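Please keep the model open while you read.

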Amino acid sequence: MTTAILTHSPAIKRPQRLGFGNALSAEWIKLRTVRSTAWTLASLVLVSIGLTALMGWLAAAELATGEAGEPVGAFVTWGLMFGQIAAFVLGVLVASSEYASGMIRATLAATPRRWQVLGAKSVVLAGVLFVIGVVTSFGSYMASNYFLDRQGIGLALGDDGVLRALFGGGLYLAVLALFGLGLGLLMRHTAGAVAVGLALLFVVGNLVQLVPGALGEWLTKMMPGNAGSTIANVESYNPMLLDPWVGFAVFCGETLLLLAVAGWLFARRDA
Amino acid sequence: MITAQGLTKRYGDTTAVDAIDFTVEPGTVTGFLGPNGAGKSTTMRMVMGLDHPSAGSVTVNGTAYGDLPAPLHQVGALLEARAIHGGRTARSHLLWLAKSNGIPVRRVDEVLELVGLTGVANKRVRGFSLGMGQRLGIAAALLGDPGVLLFDEPVNGLDPEGIVWVRTLMRRLAAEGRTVFVSSHLMAEMALTADHLLVIGRGRILADTDMADFIGRNSASRVRVRSPQASELARRLVMRGWEVERTDGVLTVIGATAAQVGDVAGADGLFLHELRSLDASLEDAFIRLTADSVEYHAASASTAPPDISARTAAPSHAVELSGQNVNEITAGA
C-alpha cells in the first residue's frame with residue numbers, strides 16, 4: 001500500500017486563485033452525496049402532493065356546494081404547509097451537520113473565505129429547493145385539481161394567481177431553506193435550530209394573532225412564515241395577510257437579515 | 001515553512017497559547033510535543049486559519065492561511081480524524097475537497113491508493129474503523145500535493161502496522177523537502193519520527209531543540225543516592241565530572257552508573273542509605289520538563305519571566321539548577 005508515488009505529482013497544477021465556482025461545485029457535491037438530502041427532498045415532494053390530493057378528495061364535494069366558506073384556491077397547494085418543514089430542516093442541516101461532524105474545519109481549510117462558503121451554500125440550496133418547490137407545487141395542483149375538476153370547480157393554469165402560486169412555491173421553499181441555513185449557521189446545533197425555527201415560523205406566527213388590536217394584526221403580517229407563504233397559495237385562508245409579492249419581499253428581507261447576522265458571526269467565530 | 005510570532009490565544013481569562021514564537025523548517029519532521037491541553041491543537045487550528053489569534057500572527061510560507069490563493073495546494077492537514085460526514089463515502093469526501101481547490105479528479109483515486117483505501121472508496125465513512133478514518137484524513141491532507149503538512153495526533157487509533165506506516169510516510173514527506181509538523185503527547189513516538197522537537201506546556205514553548213540533542217541530553221543514565229554525608233558525597237562526585245542535583249539528602253547523579261557512585265562512596269568511606277539507578281526514559285524527561293514548566297508557570301507571576309525562546313531552554317533549566325548546587329558545593333569545599 002505504500003508503493004504509490006508520493007513525489008510531487010506533475011498532474012496537479014495550482015490554480016492562480018480559487019473562484020466562487022470552486023466553492024459552488026464543492027457544495028453541490030456535498031449536498032448530493034449524503035443520503036439525508038435525497039430522503040428529505042423525497043419526503044417533501046411525496047408528503048406535499050399526497051396530502052394535497054387527500055385534502056382535495058375529502059373537500060371537493062363540500063367546496064362545490066359553496067357552503068364551506070373556504071376559497072378553492074387555498075386547496076391546490078395545501079400540502080406544502082407540511083412539505084415546507086422538510087425544506088427548512090434541510091437548510092438547517094446544510095450548516096449544522098458540518099458542526100456536528102466537525103467537517104466545518106475541512107470546509108474552511110479548503111475555502112478559507114467564509115463569506116464565499118456561505119454564498120456557495122446559499123446558491124446551491126436555493127437552487128435545489130426552487131426546482132423541488134416548483135415540481136411539488138405543480139404536482140400538488142394536478143393532484144388536487146383532479147378531484148376539484150370532477151366537481152366542476154377546478155382551476156385552470158391561466159386562472160388568476162395560479163401560475164404565480166406554483167412558481168411561488170419554488171420561491172417560498174428556496175427562501176425558507178435559506179432561513180434554515182441562517183438559523184443553523186447562527187446556532188450551530190441541529191436540534192436547537194430546528195426547534196427555534198419551527199416555533200418561530202409556524203407556532204409563534206399563529207399565536208401572535210391573539211395579540212389584540214393593530215399590533216397583533218401587524219405582527220401577524222410580518223411573521224416570516226405568514227409573510228412568505230402567501231406567494232405559494234393561489235388564495236389564502238387568512239385574508240388579513242400581506243399581498244403575495246409584498247409578503248414575499250418582507251420574508252426575503254427578514255431572511256437576508258438573518259443570513260447577514262449569521263454570516264457576520266461565522267466570519268468572526270472560531271471554527 | 002510555518003512561522004509563528006507572538007502567537008496568542010485567550011479564552012476569557014485562560015490563556016491557551018501564550019505569545020509563542022517558532023519556526024517549522026522544510027525538509028524535516030518537526031514534532032510538536034506536549035501534554036493534553038498544552039495548546040497543540042489550538043496552535044494548529046490557528047495555523048489553518050480556523051481559530052483567530054488573540055494576538056500575534058502565524059504564516060505559512062510567509063502568507064496568512066486565509067490569504068493563500070489555493071490553500072490545499074500549499075497546506076495539507078489532518079486535524080481531526082472524524083471531521084468527515086459519516087453518511088458520505090470516502091471517495092465523495094475527497095471529491096468535494098478536490099473540486100473546492102481545482103484538483104483533478106484522478107488525484108482522488110491516486111491518494112486513495114496511496115493510503116490503501118481503494119477497496120473501500122465507495123463505502124460510507126460511518127462504518128470505518130478509527131484507523132481507516134485516520135487514513136482517509138491523511139489522504140485528504142495529501143490531496144493537493146502540498147509542501148506543508150500538519151498532522152494532529154496522527155497515530156491515534158492506529159494498529160502497530162498503521163503506526164509504522166504513518167511514521168514512514170512522514171519521514172518520506174520530509175525527505176522530499178516538505179515541511180512536516182506533527183503533534184503528539186507521546187514522547188516515544190516523537191523520538192522515532194521527528195528530527196526537531198518543539199515542546200509546549202501550558203501554552204508556552206518549553207524547548208525548541210534538535211531531537212538528537214534532546215535524546216543525548218536526556219537518555220544519560222541517572223542514579224539516585226541518599227547519604228547522611230550527602231554534601232561530601234556530592235563534592236566528590238562533582239570532582240569526577242558528573243552533574244549532581246540535590247534535594248535535601250537525596251542526590252541525583254546524571255551520567256553515572258550505580259556501581260560508579262558506589263565505588264566513589266566506598267573509596268572515601270562514606271555511608272549510603274540508598275543507591276539505585278533510575279530508568280533513563282525520554283518519557284520521564286518529557287514529564288520532568290513539562291512538570292517543571294507547570295510549577296515554574298505558577299511561580300513566574302511574581303518573578304521575571306525566563307527567556308523561554310532560547311533553544312533547549314527547559315532542559316538547561318534543569319541543568320542550571322544542578323549547576324547552582326555544584327557551585328554551592330564547590331564554593332564550600
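1. Helices here are DSSP runs of H or I with at least four residues, strands are runs of E with at least two, and both are numbered from the N terminus.

2. Helix 5 of chain A passes helix 6 of chain A in a right-handed crossing, meaning that the near helix is turned clockwise from the far one by less than a right angle. Their contact has 21 nonpolar, six polar and one charged residues. Ala, Val, Leu, Ile, Met, Phe, Trp, Tyr, Cys and Pro count as nonpolar, Asp, Glu, Lys and Arg as charged, and the others, Gly among them, as polar.

3. Do bear in mind that this is a predicted model, in which local features need pLDDT of at least 70 and side-chain atom pairs count only at pLDDT 80 or more, while totals for chains, interfaces and linings use all residues. Residues are numbered from 1 along each chain as its sequence is written, and chains are lettered from A and ligands numbered from 1 in the order in which they are written.

4. Turning to chain B, you will find 12 helices and 13 strands. Of its 333 residues, 49% count as buried, that is, with 20 or more other C-beta atoms, placed from the backbone, within 10 Å of their own.

5. Chain B also has an open sheet of three strands in the order 2-1-4, with antiparallel pairing; strands pair if DSSP finds at least two bridges between them. Strand 2 (14-24) and strand 4 (55-60) of chain B are at the edges with a single partner strand each, so one side of each has no neighbour in the sheet. Seven bridges join strand 1 (residues 2-11) of chain B to strand 2 of chain B, and K9(B) has V17(B) as its bridge partner in strand 2 of chain B.

6. Finally, where do the chains meet? The contact takes 47 residues from chain B and 37 residues from chain A, with residues in contact if their C-beta atoms, placed from the backbone, lie within 7 Å. Helix 3 of chain B gives the most to the side of chain B that touches chain A, with six residues.

How values were computed:
Buried ≥ 20, exposed ≤ 12 C-beta atoms within 10 Å, placed from the backbone. Contact = placed C-beta atoms within 7 Å.
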